[in-house]
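Here are a few notes to read alongside the model, written as numbered points.

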Amino acid sequence: MKTIRIGTRDSLLAMWQAEWVKSQLTKSYPRLHFELVPMKTKGDKILDVPLSKIGDKGLFTKELEQGLLSDELDMAVHSLKDMPTLLPKGLTISTFCEREEPRDVFLSKNGIALEDLPTGAIIGTSSLRRKSQLKHYRPDFVFVDLRGNLQTRWRKLTESNMDGIVLAAAGVKRLGWGDRITQILPENMMLSAVGQGSIAIEIAEQRSDIRELLSPLNHIETELAVRAERSLMRKLEGGCQVPIGALAQVVNEQITLRGMVASLDGVRLIKAEATGIDPDAVGIEVAERLVELGALSILAEIRT
Ligand SMILES: NCc1[nH]cc(CCC(=O)O)c1CC(=O)O
């Protein structure tokens, strides 16, 4: 029988996510055979440069996408957060798996809460989104770049003079590190990244067989929420390396989307929200409100 090939990055988190997809598929189709195909992406190889300086869209996705286009893979499993808002021609996201906790968490060295950190505390993060929002909350914090997979980041925290690091709750939980979390950061102080916490499956557009196969894994509320977030990002032409946060919630088919854009020094921070039933329209509406409040000048300043 033909084996169905599932592409994934080879980090511990990516492998966990791909294994999870494989186990869900095996439950739905016990007679089919699935195989993981681990690959390294450019983002896994360049580790000494902050992502915002590499500035390459699809840093964590391109090699897998080439595998889909050349028919070496039948599907690719990604953290949705790492996916550009515009995909290469011929590819599509077929499946948005049910979202894990979308918020960010703070992991401190000695279990000290963020609000109790001393003046000038040192925070590890390379994310402009996290840095800007923390700067806004506490201008005295000092930031050091922190890249690498989750194990590397945790090790750097324990071995350096950092007071704490900020990570996505989803990744921390999937690795079984829940007990390392000092606190979940509330969304009014740390709005998460577009798509954070959702696992997305990408396929070649013409593979209707694979799309059909994957349909039990799609989670409709997650899909509506992350489509709204990605619409906002697309409208602002954000890419993953700008200080944009967005989080949508779906209640009774109504999508409420909150968005945030901040300057790198955290001095300017604007927020907007909207509610509706069409994810693309809700995303565009929040983007337009942010633009009215000055989002474009903030983003232009960052891009130069
Ligand atoms: N940028 C890397 C990345 N991509 C997805 C996750 C977490 C898992 C998820 O959001 O689904 C992480 C780690 C982090 O930001 O802490």
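Which residues in H5 are buried? Keep that one in mind while you turn the model, which is a predicted one; the reply comes first.

1. **Helix H5.** The buried residues in H5 are Leu 128, Arg 129, Arg 130, Lys 131, Ser 132, Gln 133, Leu 134 and Lys 135. That is eight of the 10 residues of the helix, which runs over residues 128–137, so H5 is largely enclosed by the rest of the structure.

2. **The domains.** The chain is divided into domain 1 (1–98 + 198–218), domain 2 (104–184) and domain 3 (219–304). Taken over C-alpha atoms, the centres of domain 1 and domain 2 are separated by 28 Å. Their contact takes nine residues from domain 1 and 11 residues from domain 2. On the domain 1 side, the elements that give two or more residues are H1 and helix H3 (51–54). H1 provides the largest share of that side, four residues. By type, the domain 1 side that touches domain 2 divides into six nonpolar, three polar and no charged residues.

3. **Helix H1, its length.** H1 covers residues 12–28, 17 residues in total. From its first C-alpha to its last it reaches 24 Å, close to the 24 Å expected at 1.5 Å a residue.

4. Ala 14, Gln 17, Ala 18, Val 21 and Leu 25 are the buried residues of H1. Seen down the helix axis, the buried residues of H1 fall within an arc of 95°, so they line one face of the helix.

5. **Leu 13.** Why does Leu 13 count as partly exposed? This residue of helix H1 has 19 other C-beta atoms within 10 Å, and a buried residue needs 20 or more. Leaving aside residues up to four places away in sequence, Leu 13 touches Asn 149, Leu 150, Gly 171, Arg 174 and Leu 175. Leu 13 and Val 261 are 248 residues apart in sequence, with 28 Å between their C-alpha atoms.

6. **Around the ligand.** Which residues are around the ligand? They are Ser 79, Lys 81, Asp 82, Leu 167, Ala 168, Ala 170, Gly 171, Gln 196 and Gly 197. Strand E8 (164–168) and helix H7 (169–174) are the elements that give two or more residues to this shell. The shell divides into three nonpolar, four polar and two charged residues. Domain 1 and domain 2 each supply at least three residues to the shell.

7. **Helix H9.** At 1.5 Å a residue, the 16 residues of H9 (residues 220–235) should span 22 Å, and the end C-alpha atoms are 22 Å apart, which agrees. H9 is mostly covered, with 13 of its 16 residues buried. Just after H9, Glu 237 takes a positive phi of about 50°.

Notes. Residues numbered from 1 in each chain as written. Predicted model: local features only at pLDDT ≥ 70, side-chain atom pairs only at ≥ 80, totals over all residues. Near = placed C-beta within 6 Å. Nonpolar A, V, L, I, M, F, W, Y, C, P; charged D, E, K, R; others polar. Domains from an automatic or database assignment. Expected span 1.5 Å × (residues − 1). Buried ≥ 20, exposed ≤ 12 C-beta atoms within 10 Å, placed from the backbone. Arc of directions from axis to C-beta. Contact = placed C-beta atoms within 7 Å.
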